[in-house]
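This briefing is meant for a reader who is meeting the structure for the first time. Please look over the sequence and the model before reading the points grouped below.

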Amino acid sequence: MTAGPPPAEVELVSAWDRALGQPAPRRPLLLLGREDADRLPVGEVAALLLRTARSWTGDRVEATLDCPACPQRLEVGFAVADLLAAALDPTADSARGGARHVGTGAFTLDWRGHRLTLRLPTPADLAAAARAGDAAAAERWLLRACLLAADPPLDDPAPALPEVSAAMAERDPLGVVAVTLTCPGCGTATEALLDVPAWAWQAADARVRRLLGEVHRLARAYGWSEAQVLGLGPHRRAAYLELVP
Ligand SMILES: [Zn+2]
């Protein structure tokens with residue numbers, strides 16, 4: 001029992017333990033093990049979480065939702081590789097839609113004679129916006145938080161929301177992961193949103209609970225500590241588990 005522990009599993013178990021003491025929306029961020037996670041653009045965080053969680057889940061993300069028009073359950077699958085391929089390089093320059101990159105996370109958008117300087121929303125922004133009230137209030141809060149400047153000044157930025165949202169989606173494609181589905185039961189088209197952080201947290205939670213179950217079985221059989229069981233590494237652990245009745 002002298003082998004060094006595989007850091008990925010030990011770190012995952014400690015990150016999960018720390019995260020459980022936090023409010024649910026913050027938990028996935030702790031899986032990334034970086035201090036700045038809640039200040040990165042939402043889509044960048046989604047890409048990091050997809051890369052992290054892929055090693056526990058394989059390449060498929062499956063989700064189900066209810067048809068809004070009939071009792072049918074709709075199933076949707078995403079390939080992690082496709083999602084990551086769709087994420088553009090966040091530092092890439094773009095002149096499409098009048099949006100231009102102007103340095104660390106900020107960009108400008110020409111809208112009805114105003115030059116808007118904007119930044120991309122972060123998980124910290126989403127958490128604050130969720131406290132603003134309903135969805136419309138949250139959107140207005142986000143717009144004000146991410147609008148750094150307007151030239152000439154703008155009394156009410158709300159009418160710019162559709163263009164601002166489109167420019168943000170172009171710059172941070174994984175900020176919102178959506179796919180349109182057609183219900184096989186009634187033909188209604190509906191938009192499915194994939195909550196990447198929630199999916200990553202569920203994947204981590206399932207992975208850790210399986211690991212702890214393995215610790216439990218081997219600790220009971222051999223009297224080993226948690227650190228010793230995790231230190232075996234996945235292959236030796238699996239071999240011992242086969243021997244335990
Ligand atoms: Zn339906």
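Predicted model: local features only at pLDDT ≥ 70, side-chain atom pairs only at ≥ 80, totals over all residues.

**Domains**
- The domain assignment of the protein gives domain 1 as 7-86 + 180-243, and domain 2 as 96-172.
- Taken over C-alpha atoms, the centres of domain 1 and domain 2 are separated by 30 Å, and the contact involves 10 residues from domain 1 and seven residues from domain 2.

**Interface**
- Between them, domain 1 and domain 2 bury about 560 Å², of which 71% is on carbon and sulfur atoms.
- Of the area that domain 1 buries against domain 2, 66% is supplied by D38, P41 and V42, which is more than any other three residues supply.
- Five residue pairs are in polar contact between domain 1 and domain 2, both residues having pLDDT 80 or more, while helix α3 (residues 42-57) provides four residues, the largest share of the side of domain 1 that touches domain 2.

**Nonpolar cores**
- The largest nonpolar core has 46 residues, and L50, V196 and W199 have the most contacts inside it; helix α8 (residues 196-222) gives the most to this core, with 10 residues.
- Leaving aside neighbours within four places in sequence, V196 is in contact with A46, L49, L50 and V177.
- Apart from this core lies another, of 14 residues, including F107, L109, L143 and A160.

Technical notes: Residues numbered from 1 in each chain as written. Heavy atoms only, no water. Core = buried A, V, L, I, M, F, W, Y, C linked by side-chain atoms within 4.5 Å. Buried < 20%, exposed > 50% of the residue type's maximum accessible area, 1.4 Å probe, protein only. Helix = DSSP H or I, 4+ residues; strand = E, 2+ residues; numbered from the N terminus. Contact = heavy atoms within 4.5 Å. Domains from an automatic or database assignment. Buried area = accessible area lost by both parts, 1.4 Å probe. Polar contact = N/O pair within 3.5 Å; in protein donor to acceptor, adjacent residues only side chain to side chain.
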